[in-house]
Each structure stands twice: as C-alpha cells, then as structure tokens.
Amino acid sequence: MSYDDDDDIRCSICVSGVCLTATELDFDKNQFKVGLAPETLRKTYFSELKAGDGVNLERASEIGGRNSGHFVQGHVDGIGIVKNRWVDEDSLCYQIQVPNADMLRYIVPKGFIAIDGTSLTVVDVQEDWFSFMLVEYTQKKIIIPAKQPGDKVNLEVDVLGKYSETALSTLLPRLEALEAKVESLEKELVSLKKEE
C-alpha cells in the first residue's frame, strides 16, 4: 500500500478487515503504526500474528465513491476457523466454522460477509458453518487463498442485518400489544353479538 498527500496521522487503514487508526506514518520506509485496543485483540486473531505474516490492507473509502460490494465498516464481529477448502474449476471454495452462534443468525445464503476485510457472497449456511467461494481474479488480490484448515479469519457480518434486527426488536413488542388489543376487541364483539 503506498501513501500520498491525502494520508496523515489519524487516517483509517483497514488491516485484514479491522478499521485501525494510523498513529505513525513513515513515508520513507512505506510503513505505518497503529494502536490496538483490548477489544480489537479479543475480537480478532491479531494477538496471534507474527512478524512477516500476510495481511490484507485497504485505505478508507471516500464518501461518494463507487460501492461495488456491501457496507464493510471494519468493525469485526468475531473469528471464524477454516474448516475445509476445495477447488471448483477456477474458483476456490471455503467452509468456515463460526464458534459464536450469535453471529451465525446474521449470515444467510446469498447474503454478504466480510472475511479479513474482503466483501464476499455467502454460498451456503449450516448449523455452525457457512461457505463462500473466490473467483480467480479475487484469489490473486487477497490473502485468503493462503489460509488452510485450522487457520483463523476475521468476520464482519452484514450491518444491515444487525440494524434490521434492532429495528424489529423495538417494533415487535408494539405489534404484540396491538395483536392482543385486537384479540380483546374481537372477544368483546363476539360477546356483544351473543347478547343481542
């Protein structure tokens, strides 16, 4: 990743799907430093990284630019574990185990997921895993093809699913109260008809 005049301290840099703030930029060495909060270390596999391990790097998107994927925020929800991988013609397919069952409810077939910061489409979802595939072009641009069974990946589920769930959770109690009121009124109506 190269720097230009728009980059400065405080800029966001996505590292394997995690939005981090640059605390130092060294333009001569083409390096940067970031701070890692305890929550970041708990939610990602970063505490296991060693010098020389590959990571995906991406600059922050500009507002108003083209969006050819889904909304990837860089707010990792948890870790997945590569369960299986296989080749299907020129595609590379992966099966990812999701240890956190709460995350799995936001992962749906043909829905979006970010894996190490790469926006991908879910192929299948089962009890404790999901699958996705990488087309040939994408395989050459990211680090996921180097991942083997047992390796960890950072997962960010589709934020729109989380927002929808939150919105519905505030709406459902009102709908249930409305249904109870309608049921009560229906009973009153039946009772009045019987009295006639």
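The mean pLDDT of the chain is 86, and 89% of its residues reach 70 or more, where pLDDT is the predictor's confidence in each residue, from 0 to 100. The model is predicted, so local features were required to have pLDDT of at least 70 and side-chain atom pairs were counted only at pLDDT 80 or more, whereas totals for chains, interfaces and linings use all residues. Residues are numbered from 1 along each chain as its sequence is written, and side-chain values use heavy atoms, with hydrogens and water left out.

Six strands close into a barrel with antiparallel pairing, in the order S5-S6-S9-S8-S7-S10; two strands pair if DSSP finds at least two bridges between them. The twist from one strand to the next averages 45°, with axes taken as lines fitted to C-alpha atoms and angles running from 0 to 180 degrees between N-to-C directions. Phenylalanine 112 has threonine 121 in S8 as its bridge partner.

Strand S1 (residues 12-15) is joined to strand S2 (residues 18-26) by four bridges in an antiparallel arrangement, with isoleucine 13 opposite leucine 20 in S2. The two strands form a hairpin with two residues between them, and serine 16 in the turn has a positive phi of about 45°. S2 also pairs with strand S3 (residues 31-34), in the antiparallel sense and over four bridges. Here glutamate 24 stands opposite lysine 33 in S3. Four residues lie between the strands of the S2 and S3 hairpin, in which asparagine 30 takes a positive phi near 55°.

A search of the whole structure finds three aromatic pairs. Rings of Phe, Tyr and Trp (its six-membered ring) pair if their centres lie within 6.5 Å; planes under 30 degrees apart count as stacked, over 60 as edge-to-face and the rest as tilted. The pair of tyrosine 94 and phenylalanine 132 is stacked, because the ring centres are 5.4 Å apart and the planes lie at 5°. This pair links distant parts of the chain, with tyrosine 94 in strand S6 and phenylalanine 132 in strand S9 (residues 129-134), 38 residues apart. Phenylalanine 130 and phenylalanine 132 form a tilted pair, 6.3 Å centre to centre with 35° between the planes. Tyr94, Phe130 and Phe132 form one aromatic cluster. Tyrosine 94 is buried at a relative accessible area of 0%, phenylalanine 130 is buried at 0%, and phenylalanine 132 is buried at 1% (buried, under 20% relative accessible area; exposed, over 50%; partly exposed, in between; 1.4 Å probe, protein chains only).
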